[in-house]
Protein chains: 4
Amino acid sequence: MTENYTQEMVSDRRRLHQRPEEGWTEFETTFFIVKRLEKLGFTILMGRRLFKEELIMGRDEHIVEAAMKRAAEHGVSDNFLKRTEGFTGCVGLWDTGRAGPVTAFRFDIDALPIQETDAPEHEANAGCFASERPGLMHACGHDGHTAVGLAVAHWIADHAAKLKGRIKLIFQPAEEGTRGALPMSESGILDDVNYMVGSHIGNACHLGEVGLCISGSMATTKIDVRFTGLSAHAGLAPEKGRSALFAACNAATTLAGIARTSQGETRVSVGKLIAGEGRNVVAAHALMQAEVRGSTEEANQFMTEEVLRITQGIGQTYNVACDCQIVGRATTLMSTPKAIALLDEVARGIGSVKTVKRFDNVGGSEDCTWLIRKVILQGGEAAMFIFGCNHHGHHRGDFCIQDTQSLPVGFEMFTGFLIKTNAC
Amino acid sequence: MTENYTQEMVSDRRRLHQRPEEGWTEFETTFFIVKRLEKLGFTILMGRRLFKEELIMGRDEHIVEAAMKRAAEHGVSDNFLKRTEGFTGCVGLWDTGRAGPVTAFRFDIDALPIQETDAPEHEANAGCFASERPGLMHACGHDGHTAVGLAVAHWIADHAAKLKGRIKLIFQPAEEGTRGALPMSESGILDDVNYMVGSHIGNACHLGEVGLCISGSMATTKIDVRFTGLSAHAGLAPEKGRSALFAACNAATTLAGIARTSQGETRVSVGKLIAGEGRNVVAAHALMQAEVRGSTEEANQFMTEEVLRITQGIGQTYNVACDCQIVGRATTLMSTPKAIALLDEVARGIGSVKTVKRFDNVGGSEDCTWLIRKVILQGGEAAMFIFGCNHHGHHRGDFCIQDTQSLPVGFEMFTGFLIKTNAC
Amino acid sequence: MTENYTQEMVSDRRRLHQRPEEGWTEFETTFFIVKRLEKLGFTILMGRRLFKEELIMGRDEHIVEAAMKRAAEHGVSDNFLKRTEGFTGCVGLWDTGRAGPVTAFRFDIDALPIQETDAPEHEANAGCFASERPGLMHACGHDGHTAVGLAVAHWIADHAAKLKGRIKLIFQPAEEGTRGALPMSESGILDDVNYMVGSHIGNACHLGEVGLCISGSMATTKIDVRFTGLSAHAGLAPEKGRSALFAACNAATTLAGIARTSQGETRVSVGKLIAGEGRNVVAAHALMQAEVRGSTEEANQFMTEEVLRITQGIGQTYNVACDCQIVGRATTLMSTPKAIALLDEVARGIGSVKTVKRFDNVGGSEDCTWLIRKVILQGGEAAMFIFGCNHHGHHRGDFCIQDTQSLPVGFEMFTGFLIKTNAC
Amino acid sequence: MTENYTQEMVSDRRRLHQRPEEGWTEFETTFFIVKRLEKLGFTILMGRRLFKEELIMGRDEHIVEAAMKRAAEHGVSDNFLKRTEGFTGCVGLWDTGRAGPVTAFRFDIDALPIQETDAPEHEANAGCFASERPGLMHACGHDGHTAVGLAVAHWIADHAAKLKGRIKLIFQPAEEGTRGALPMSESGILDDVNYMVGSHIGNACHLGEVGLCISGSMATTKIDVRFTGLSAHAGLAPEKGRSALFAACNAATTLAGIARTSQGETRVSVGKLIAGEGRNVVAAHALMQAEVRGSTEEANQFMTEEVLRITQGIGQTYNVACDCQIVGRATTLMSTPKAIALLDEVARGIGSVKTVKRFDNVGGSEDCTWLIRKVILQGGEAAMFIFGCNHHGHHRGDFCIQDTQSLPVGFEMFTGFLIKTNAC
């Protein structure tokens, strides 16, 4: 049965792979998805209404505007761009017309600012579907996620007669940087959802493996810190300057020293710092990209508050202005035993799956956790799973997924879940 | 003529050497001075009135009280202690009754928290007049200064008939740490002064040399910084603590990095830091002893303001309270050409003086600069001089002055100056 | 049955409470213990042989010498002091002469540099057994541990006829600072041990509760860091100095910033810093008391290596010498199911015990972990337990244990265990 | 007389202004100069021989190669590029054939990475000679310096019959960043020079003013510091990374805290810092642009050595590699009384010069100081002067010089000097 969808799924994934788009700029991708969903008969929700405005993070309107122009030049219709209201992503709604549960699946659609390798043996080079956009790449498999989502849509349309309740396919923008899920989770689109499932390709699973994510995934906050001081000639009048560079440097090392907490494991990273205008000029500007994590919401909240207070204090210390922007947030992973049990049953029924793993302490951070938490807190059942691929590690220029073998497992997991929950 | 005073001067100095007292606690010393001056017929000004209250710095009332008790036990009368109102130092006033200029001399009287060497060849050990107070020593020669002042007083009384105008002998407490002079300078005692001279023994002059101090001497501010955080078990709940130790450490290294200024040369020192209660406890307390200097008042002011802002900012950064106390201040050295010329003439007339040096850029800091500045700004003539001694360096346990040879030069400089300004 | 021992145990504990001695200086305490054990017929092991020399940590020979003098003045015989070879602690060995297992118990004997409260309602004040040594106190209950050990010894002597195998009562010095157990664990005294049990009073248990310690207790390393620079006058020639203070400050904040590790939870504390000689002198000396912890040996090892490298690097950075001394170490807690099961049975059989708790993640650090690990790694059974007391928190001047009610539980746990393992 | 040269000088300056080239890449500029000098009959020295190889600093061969390609595209002949051997700048030698002194003048030729303003009133916009190269601009007047040098060359050729000795016109590359002069000074081209004069436009002089530079100009060292650590995922395995970013930050704040020195005033600047690859990645790379200055060579040497030691120490501290490159150096300004006196006389003879200033403490840094020092140390006479222009400040996008009025003064100073030293 799956074979019927595999060809299309692989073809879609490869097409998406060629046009990677960063978070909040996925206009070509969204256009592709919406056209397909509409053709299949789905009702489309899109635009601002998908996001609770005050929770939108890590979005730069100048970049969005430029992306819309670029999309227009690549064949996205003006009319469609208007419908987006500048917001990428969409929800495809299928109402069977029959009473039954509301089941939602999350597929994230954004790519990364990573240069794809030009090694000829690389999957996308060998298969002639490498990224056409220099410096951008689907290096985390969201192209595959999206393709699975579209194949699931196709399957739903094909099997509509045998389904009950309603199904929501959430195509989420801006998962990288953990930006898109929180404002989606509070927009109202989940308010009626009974079952919620998200997934990721790869990670700790290789081909033949499915992983059930019980808990883990650290809560995280991504923060941009900007210091603004005052320029002065460093030789002639150093005392007239106020150095944003020294402020940023002290802030960075002080952030590294935030106390460990007994409320859970924590992380703190200052991954990027750009400061100063010239060697002999007191630096007027500095930008620091930081993030914190916690194995509990409390621990992450503690870390976040520390960052905000420390950077303000350092601003005062160096007499420079300090502006902190929270540009991304994820929470910890919850799941319900029932959802895990359903996914377990489905996984064990898939022929190509040799091993079903259980992860009690999923590493990293993932913002699907917001969608899951929302549904669980309102009484629903929710969980995440991982389906394997033989990658060399995510976020690398040579990341690959062996789409023909990996994607069908994702597809079977989602459709198998629907059979458990929404079959007549 | 000088020989008549040498014996007494040396004897006084050695007696004072045995009872060193730190700044603001010189009760035995003040008692000794006042008794002598009164016997010679001087009018005594003492107590609170010698100091402008809001400018008093680096004074701990607990320490003062303990010192008064100790002085009482060493023979200082209760009646005298009452007269002091808790304030050491005094001014001996001699009014000739004849019209003439008002001339003031400054003699500083305090000692240092330095352990005198027990080397038998050390001057005070060989002469049996070593400090009786462990850990305290006249290691900067203020015992000699005081003895010179008393000998000058004796000379004035002896030569009263040949003098005109008025003479003020200022015995200043708490020169170490540059604490005593500023509040004295603004107390009113200098308001009528026409000539003001201060001096120091040693420094860049050895026996046979007198130095005229034209300018230099860095302005300085001494600052005690206290951070108060919150204790917590560093293993069980580190996040509940707020570390005064880490705050102090960051403050110290940040202070070191205060920008150089084009307004003059600067210095910054954090010489002492005591922080924390135990290895496994988040430190609740830290005390930092800092000082800044500037070759101009502007530069020192810049440094002082930086320290105050930085320490507050760091307090916020670490969420700990920060209290800054200014515990000492000196300004830069001014002098008037006329005062320098008079001192030059006097020095060239002293037989044992082989060389008269001129210092355009006196090193270190000295709070007599406040008294000099005050007199010059109100139109008077003022300067400092140095008279030599063959020391190994000040503020050392083996500092020595060869009193029999060095003190007479100081005596002749002051009395010679009086002959120039206040002889009938 | 226990009542027979309670009076003596309470009396012993109160007597020990009056003479608190810090780690490695417990000469009066050891004298007290050895006299009693010898009287009861135990064979005594004492002196250097109890410790593997190269693992001895946190011991200052000057302090030990002074302690021996003080002990001599308080009635410890010269002959006994000679037997100690300068090393406190002892092992009381009871050989039943019958084949059977070797069972070892650990009782730690040292006190803390904490001033006992003078509040009249405080247990020791009300009972007239407060510390006679100012600034020192049994504020962690090791007086009670020792008293329990002596009562267990008494019980063994009383019940010798019904026991088999051999029993070792280890009276360990210097548990505070986690110094004494590691060199004891590798001295050979445990090589033949089959069962090993340690315990602590209080912590997460109150009266009526016993806690079984499954795992937890962070591995820790205590490190003293000394920086030695070069003095210089901070105003006259700051460039000639090399500041140990600034080095220590940078080291402290850099240590705080050691990376979190995925190998386990970690801690880092710089609890104490003493640096510098005077405000206007470049600081020549700094001493920093630091410690790290890890929820795994790997994590603690990572932290320890980071501290050693960072402090050396900072020494180079500031051109000052850096000397690191490891002055204490503990490992994580292991236990064997069998030992836990035996303790569980014993605890459930004690009338005054209402609740038996199980702790999977014991907080803090404890060096009995070395003794336990040693025995387990050689194939033995070992564990720790906690017996309750209604304290206000350990390491406080008002710590109390209600000895009449708490100590009997400890006594019954140990003797009950012996009945399980060493009864004929 | 000057009028004859003014038109050409202004025209040359404006042409040069349109083609600004950064240090070590001045191929178009050098081509322009050499063609002119050759046409006038000068002997040309150019290529590697102008620079002592081991003293070449701040030069990137990739950038030089790209610049040569760009120059080729803008009309510089391949043949000429070959003659340069990749090295810009040249010396024009005029040998009168008559015995007499050797006189050398320095004209620096490089531009700055500054975007010229597009304000229509800006001199270069109004006059239609604005920079054709985006982001690059002659914002320090070196276009004017070069034009003056060419006019002086023209004057020499015109007045050859009345001159004796030899004249060397040194067109120096890479003055910005103080890179070009040191390797030129030790290449041998100055070995026979008796008189050496350099100049700068603007600074503390406005139109109608000439400034004689007696002393000052801080010695400086420009240093690029690169830290190389190891990437790791900041959430999954932070302990596997080694952060070049944190190392750079600690290094920056530690550099700011280098001790003040009694050997002279100092400066330290970290003007630029670029570190890290991504928010959630331990940073593997950091580049820091630093510089130090000293009012004496000793002070600058002290600062330089501190930077080198500190950055290495910090590298060890963070376990990252540290590479320091000295990319520029200048020394302090010396001058000889005779050279100053000659320039004074010349300046007073220029009609448009209303004021001749003397600067005892020239601010900033300038690498012509190396050429001057070299000539003075071998017994020659040398100095610098400033000729005014009504600028808004150097190194700004709106810097202007009013060439028609300012350049003639520079021209008259140099030719007037030649009349004093090399007229028959």
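**Figure 1. Salt bridge between E28(D) and R19(D) in the predicted model.** The side chains of E28(D) and R19(D) meet in a salt bridge with an N to O distance of 2.7 Å; a salt bridge is a side-chain nitrogen of Lys or Arg within 4 Å of a carboxyl oxygen of Asp or Glu. E28(D) is buried, with a relative accessible area of 10%, and R19(D), at 15%, also counts as buried. Buried denotes under 20% relative accessible area, exposed over 50%, and partly exposed the range in between (1.4 Å probe, protein chains only). In chain A, salt bridges that share partners join R13(A), R14(A), E123(A), D143(A) and D403(A) into one network. This is a predicted model, in which local features need pLDDT of at least 70 and side-chain atom pairs count only at pLDDT 80 or more, while totals for chains, interfaces and linings use all residues. Residues are numbered from 1 along each chain as its sequence is written, chains are lettered from A and ligands numbered from 1 in the order in which they are written, and side-chain values use heavy atoms, with hydrogens and water left out.

**Figure 2. Salt bridge between R19(B) and E132(B).** Over all chains, the structure holds 116 salt bridges. One of them joins the side chains of R19(B) and E132(B), at 2.9 Å from N to O. R19(B) lies in the loop between helix 1 (3–18) and helix 2 (27–40) of chain B, and E132(B) in the loop between helix 5 (123–126) and helix 6 (142–158) of chain B, so the pair ties together parts that are 113 residues apart in sequence. Helices (H or I, at least four residues) and strands (E, at least two) are DSSP runs, numbered from the N terminus. R19(B) is buried at 14% relative accessible area, whereas E132(B) is partly exposed at 46%. Side chains of opposite charge can pair when their charged atoms come close.

**Figure 3. Salt bridge between D192(C) and R166(C).** The two side chains meet in a salt bridge of 3.0 Å, N to O. D192(C) belongs to the loop between helix 7 (181–185) and strand 5 (195–201) of chain C, and R166(C) to strand 4 (residues 166–172) of chain C; the pair links distant parts of the chain, 26 residues apart. D192(C) counts as partly exposed, at 27% relative accessibility. R166(C) is partly exposed as well, with a relative accessible area of 26%.

**Figure 4. Surroundings of R267(A).** R267(A) lies in strand 8 (residues 266–275) of chain A and counts as buried, at 6% relative accessibility. Its side chain is joined to that of E265(A) by a polar contact of 3.4 Å. A polar atom of the R267(A) side chain also lies 2.7 Å from the backbone oxygen of G235(D). A polar contact is a pair of N or O atoms within 3.5 Å; within protein, one must be able to donate a hydrogen and the other to accept it, and residues adjacent in sequence count only if both atoms are side-chain atoms. Contact here means heavy atoms within 4.5 Å.

**Figure 5. Interface between chain A and chain D.** In this interface, 38 residues of chain A are in contact with 38 residues of chain D. The two chains bury about 2900 Å² between them, 58% of it on carbon and sulfur atoms; buried area is the accessible area (1.4 Å probe) that two parts lose on being put together, summed over both. Two salt bridges are counted between chain A and chain D. D224(D) forms a salt bridge with R279(A), with the closest N and O atoms 2.8 Å apart. On the side of chain A that touches chain D, strand 7 (219–228), helix 8 (244–256), strand 8 and strand 9 (285–294) each give two or more residues. Strand 8 of chain A supplies the largest share, eight residues.

**Figure 6. Strand pairing between chain A and chain D.** Strand 8 of chain A and strand 8 (residues 266–276) of chain D pair in the antiparallel sense over four bridges. Two strands pair if DSSP finds at least two bridges between them. The bridge partner of K272(A) in strand 8 of chain D is G276(D).
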